[in-house]
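Hi,

Here is the structure we talked about. Please have a look, then read the notes below.

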Amino acid sequence: MLRAALDLVRLHEATLHVVSVLPDFGMPLVGSYFRKDYEKDALLAYATALRDWVGTHVPDDVNVRPHVLHGSIYDEILRAADKLDADLIVIGSHRPELKDYLLGPNAARVVRHGRQSVYVVRD
C-alpha cells in the first residue's frame, strides 16, 4: 500500500498524510475496565510508534504528515480526509472472505461514504 501511495504522491508532487486510527472502547462499560489514563497513554505510544514507522519507511524526499486519530476507524479516516482537503484516499484491504464480499468492512465504508476518490490496495 505504501508503495502505491508514494508513487501517487511523487507523480502529483503532493503531501502524504499517513493516518492511523486507535479504535475507541466502543462502549463506556468496556472503558471502565481500564485504568484512568489508559487511552491518553495509548495515544502517546501510538503516535511515537507511527512517527518511528514513518521515519523508517517513508523516504526523505516525500513531504509527509503523520496523524494519529482515535475513534471509529472508517469515521475517523473520512473525517480526516475532509478536514485535510484530501484529493485521494489510499487504503489497504485484506483478501476478502465470503462474509466481506469484496472489501473489508472499514475499506468498504470508506469507499461507499468518502467524498474523495478511493484507491484500494490489496495485500
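**What was found**

Of the protein's 123 residues, 28% are buried (under 20% relative accessible area; over 50% is exposed, and in between is partly exposed; 1.4 Å probe, protein chains only). This is a predicted model: local features need pLDDT of at least 70, side-chain atom pairs count only at pLDDT 80 or more, and totals for chains, interfaces and linings use all residues. Residues are numbered from 1 along each chain as its sequence is written, and side-chain values use heavy atoms, with hydrogens and water left out.

Fold: there are five helices and four strands (DSSP runs; helices are H or I with at least four residues, strands E with at least two). The order from the N terminus is α-β-α-α-β-α-β-α-β. Along the principal axes, the C-alpha atoms fill a box of roughly 45 × 35 × 25 Å. Take the contacts (heavy atoms within 4.5 Å) between residues at least 6 apart in sequence: 69% of them join residues at least 24 apart.

Side chains count 15 positive (Lys, Arg) and 17 negative (Asp, Glu). The centres of the two sets lie 3 Å apart, with charges placed at NZ of Lys, CZ of Arg, CG of Asp or CD of Glu.

Aromatics: the structure holds one aromatic pair (ring centres within 6.5 Å; planes under 30 degrees apart are stacked, over 60 edge-to-face, the rest tilted). The ring centres of Phe-34 and Tyr-38 are 4.6 Å apart and the planes sit at 35 degrees, so the pair is tilted. Phe-34 is partly exposed at 36% relative accessible area. Tyr-38 is partly exposed too, at 34%.

Best wishes

Notes. Phe/Tyr/Trp six-rings, centres within 6.5 Å; stacked < 30°, edge-to-face > 60°.
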